Amino acid sequence: MYEAIGGEPALRELVDDFYAKVLADPLLRPVFVNFTEQHLDHVVVWLAEVFGGPARFTEQLGGHLHILQAHHDLGITEEQRARWAELMAESARVTLPADEHLQDSFNRYIRWGTEIARDVSAPGEPYPTEAGDVPRWEWP
Ligand code: HEM
């Protein structure tokens with residue numbers, strides 16, 4: 001799927017387009033008060049690994065455990081999760097190949113991933129101390 005998407009350059013375009021939308025969104029902007037350019041790089045590396053590209057998130061950025069910890073205690077509401085997924089779908093439509101199965105598969109991953117982010121971020125959830133491997137999304 002990484003190759004079908006267009007590799008890292010396509011994911012970079014996707015993520016740039018997406019975070020411009022996120023930072024302009026009244027519902028999401030408050031969640032991203034500590035946003036840095038590095039965040040963009042890390043999300044590109046994460047998505048690359050999930051979709052079958054290089055395992056750099058596992059090797060260099062702390063793997064699955066780090067991403068769970070990064071969302072701890074953010075208190076992401078269902079409304080924020082849904083908006084995040086909606087903006088990501090919009091960005092995928094304009095930056096990724098217009099292949100129906102690819103777009104569907106991408107959005108199914110996003111739904112799954114945002115539900116995990118919402119759940120791990122809930123107030124009172126314990127700080128994550130263990131996690132499995134970074135998931136690899138199967139496609140088609
Ligand atoms: C598929 C779903 C998601 C993916 C792949 C993802 C990806 C990431 C990654 C890779 C990081 C770590 C960045 C770093 O190491 O610097 C991160 C942090 C963060 N994510 Fe997500 N995320 C997802 C869902 C969400 C949602 C739904 C929200 C909120 C609506 C959110 C808000 C944040 C925030 C605020 C941080 C920064 C935390 C900090 O200050 O360090 N994420 N995300």
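1. Helices (H or I, at least four residues) and strands (E, at least two) are DSSP runs, numbered from the N terminus. The model is a predicted one, in which local features need pLDDT of at least 70, side-chain atom pairs count only at pLDDT 80 or more, and totals for chains, interfaces and linings use all residues. Residues are numbered from 1 along each chain as its sequence is written.

2. Asp-73 is found in the loop that joins helix 5 and helix 6. Although Asp-73 is not a glycine, its phi is positive, at about 65°. A residue is called buried if 20 or more other C-beta atoms lie within 10 Å of its own, exposed if 12 or fewer, and partly exposed in between, with C-beta atoms placed from the backbone. Asp-73 is partly exposed because 13 other C-beta atoms lie within 10 Å.

3. Ile-76 also belongs to the loop between helix 5 (63-71) and helix 6 (78-95). Ile-76 has 20 other C-beta atoms within 10 Å and is therefore buried. Two residues are in contact if their C-beta atoms, placed from the backbone, lie within 7 Å. When neighbours within four places in sequence are left aside, Ile-76 is in contact with Val-31, Arg-81, Ala-117, Arg-118 and Ser-121. From Asp-16, Ile-76 is 60 residues away in sequence and 21 Å away in space, C-alpha to C-alpha.

4. Helix 2 (residues 7-23) packs with helix 3 at an angle of about 130°, and their axes are 9 Å apart. Axes are lines fitted to C-alpha atoms, for helices over the stretch in contact, and angles run from 0 to 180 degrees between N-to-C directions. Angles under 35 degrees count as roughly parallel, over 145 as roughly antiparallel, 65 to 115 as roughly perpendicular and the rest as oblique; helix 2 is therefore oblique to helix 3.

5. In the contact between these helices, Glu-8, Leu-11, Arg-12, Val-15, Asp-16 and Tyr-19 of helix 2 meet Leu-40, Val-43, Val-44, Leu-47 and Ala-48 of helix 3. These residues comprise eight nonpolar, no polar and three charged. Here Ala, Val, Leu, Ile, Met, Phe, Trp, Tyr, Cys and Pro count as nonpolar, Asp, Glu, Lys and Arg as charged, and the others, Gly among them, as polar.

6. A residue is near a molecule if its C-beta atom, placed from the backbone, lies within 6 Å of it. Of the 21 residues around the ligand, those that come nearest are His-42, Ala-70, Trp-84, Gly-113 and Ala-117. Two or more residues of this shell come from each of helix 3 (37-50), helix 5, helix 6 and helix 7 (100-120). Helix 3 gives the most, with five residues.
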